[in-house]
Amino acid sequence: MTKFHRFRALFFRALLGILAVVAPGLVVRGEEPPVLPARPEEIEFKSLDFQVPEAKQFRRTLADGTVVYVAPSHEFPLVKISITFKGGASLDPADVPGLVATTARMVREGGTETAKPAEFDEQLDFLATEMGVGSNDAFTTAGLNCLSSNLDESLGLFVDMLRKPGFDAGRLETSKARVMEALKQRNDDASSILSREWKRLLWGDDHFESREPTAASVAALTTDRLREVHARIFHPGNMIVSVTGDFDEREMLAKLEKAFAGWRKGPAVPDPVAPTAVLAPGLYHVPKDIPQGKVVMGMRSIERDDPDAIPLLLLNDILGGSGFTSRIMQQVRSNEGLAYSAASAVAPKVDYPGQFQARFESKNATVALATKIILDLIEGVRTEPVTYEELETAKLAAIETFPRQFESKPAMLRVFVNDEWTKRDPQFWQSYRDKVSAVTREDLQRVAKKHLDPAKLAILVVGDWDEIAKGDLGKRASMADFFGGEVTHLPLRDPLTLEVLPDAAKPEEKTPASTPPKGAEKAPAGKPAPAAAK
């Protein structure tokens with residue numbers, strides 16, 4: 001008998017021995033296997049009794065006034081610390097977009113005042129500790145994930161990194177080189193062009209939401225600029241801390257007090273400023289020689305705390321936000337076969353109205369038809385109430401997935417931190433499911449009429465206009481069907497400077513929708529002229 005066969009025989013003998021011990025115990029305790037129903041639909045599930053946790057149960061305050069949310073859990077010997085600082089891209093100077101994002105990245109990548117980047121990386125690797133820093137439009141977040149056994153050393157390194165970053169010049173140059181390579185490629189993908197030009201239409205050229213780095217702004221990134229931003233954002237007067245994992249609460253608060261001692265406390269940064277530009281409804285086009293047109297259509301929408309937010313989000317779920325069960329996906333993809341994916345989204349903002357948009361990509365000849373179908377579907381929810389089944393499906397989805405907001409302790413604390421920074425109503429989550437349940441079909445039709453008007457939408461198309469404008473072979477739709485047949489041809493921009501390319505179409509030139517864009521003429525960028533309404 002080979003070693004393998006002897007091992008297998010011993011393994012099965014041991015397994016039988018375990019079963020001989022365990023199985024009688026199960027019989028003695030009366031733990032018989034459950035009887036399964038004959039069919040899946042006969043399975044009965046107990047209703048989920050989920051109690052929404054309250055932030056005040058986890059909120060603590062250090063002696064210097066720093067807010068800390070704590071949620072101990074002893075399942076694993078790990079500790080996670082997250083520090084959320086107010087301030088993101090909204091703080092970028094107009095001439096240096098990306099400054100805050102680069103600062104955040106270099107806080108982690110650039111070492112500290114006492115440790116070079118490679119040395120700092122080695123220290124973390126030795127401890128099996130992870131640290132990261134990133135930013136978005138409104139916030140910058142630093143995270144620590146370490147073993148509870150080396151918490152003291154890891155926390156010391158973490159706070160030292162945040163308080164005294166080294167901003168190593170070599171690492172900064174490497175980071176800038178990566179960004180430059182990315183800039184060179186941003187016209188290669190039509191989706192990148194679509195996103196860039198849509199933000200310009202929606203927010204205006206002068207708002208942080210639409211500003212993007214250029215070669216000149218990347219060159220302007222210096223360690224001095226990074227230190228200025230760091231001093232403004234990274235301090236106890238501008239942060240909220242959350243801690244989860246294997247620790248004693250009282251000991252953890254004492255460790256944080258000690259770690260933050262002597263850290264200068266400044267003022268919190270201001271809220272993001274609202275855009276002043278107004279989206280001009282109309283049909284817009286950016287040239288790109290591709291076989292499929294990429295399309296986004298949309299308009300400014302609502303703020304997060306608008307009373308219509310919940311019904312509008314439910315309506316969007318029915319219209320295009322729920323994947324294959326949504327009207328847009330069913331009609332554009334499943335029934336007509338015009339696009340692989342088509343969807344809509346409502347994205348409220350905290351400090352100013354957000355946006356509604358629908359997106360898809362389709363063969364050049366069927367771009368117009370898919371656009372017409374989506375506009376008809378939007379008009380349809382304005383003129384006719386949704387079905388009872390659609391409403392109940394959307395409500396059940398919102399209610400049954402609601403506990404995911406709090407599915408883990410780190411996720412739960414992220415909700416509390418965000419709510420405190422954005423001053424959300426403390427009772428919002430407690431009443432959320434009741435508000436969802438109370439929504440009626442009439443509510444959805446009302447918000448559709450108020451917040452979704454096809455005549456106020458802008459439609460942006462990236463692709464080959466000669467092929468797209470003609471429409472489908474069946475003559476069901478052409479681009480001349482929209483906005484009185486007028487189109488504004490926007491220029492393709494140089495990927496490094498974002499200036500108009502020499503061979504681009506004349507900026508903001510209006511032509512009949514069936515007319516291809518003319519030759520180049522460079523002109524200053526500005527707000528597009530309003531197109532004719534439907």
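The crossing of α11 and α12 is right-handed (the near helix is turned clockwise from the far one by less than a right angle). The model is predicted, with local features requiring pLDDT of at least 70 and side-chain atom pairs pLDDT 80 or more, while totals for chains, interfaces and linings use all residues. Residues are numbered from 1 along each chain, and side-chain values use heavy atoms, without hydrogens and water.

Helix α11 (residues 327-335) packs against α12 at about 150°, the axes lying 10 Å apart. This angle makes α11 roughly antiparallel to α12 (over 145 degrees, on a scale from 0 to 180 between N-to-C directions). In the contact (heavy atoms within 4.5 Å), R327, I328, Q331 and V332 of α11 meet A370, I373, I374, L377 and V381 of α12. The contact comprises 7 nonpolar, 1 polar and 1 charged residues.

Helix α12 itself covers residues 367-383 and spans 24 Å from first to last C-alpha, close to the 24 Å expected at 1.5 Å a residue (1.5 Å times one less than the number of residues). Of its 17 residues, 12 are buried (under 20% relative accessible area, 1.4 Å probe, protein chains only). The buried residues include A370, I373, I374, L377 and V381.

The axes of helices α10 (residues 309-321) and α16 (residues 441-451) come within 9 Å and cross at roughly 90°. α10 is therefore roughly perpendicular to α16 (65 to 115 degrees). P311, L312, L314, L315 and I318 of α10 meet L444, V447, A448 and H451 of α16. This contact has 8 nonpolar residues, 1 polar and no charged.

Notes
Helices (H or I, at least four residues) and strands (E, at least two) are DSSP runs, numbered from the N terminus. Angles under 35 degrees count as roughly parallel, over 145 as roughly antiparallel, 65 to 115 as roughly perpendicular and the rest as oblique. Ala, Val, Leu, Ile, Met, Phe, Trp, Tyr, Cys and Pro count as nonpolar, Asp, Glu, Lys and Arg as charged, and the others, Gly among them, as polar. Buried means under 20% relative accessible area, exposed over 50%, partly exposed in between (1.4 Å probe, protein chains only).
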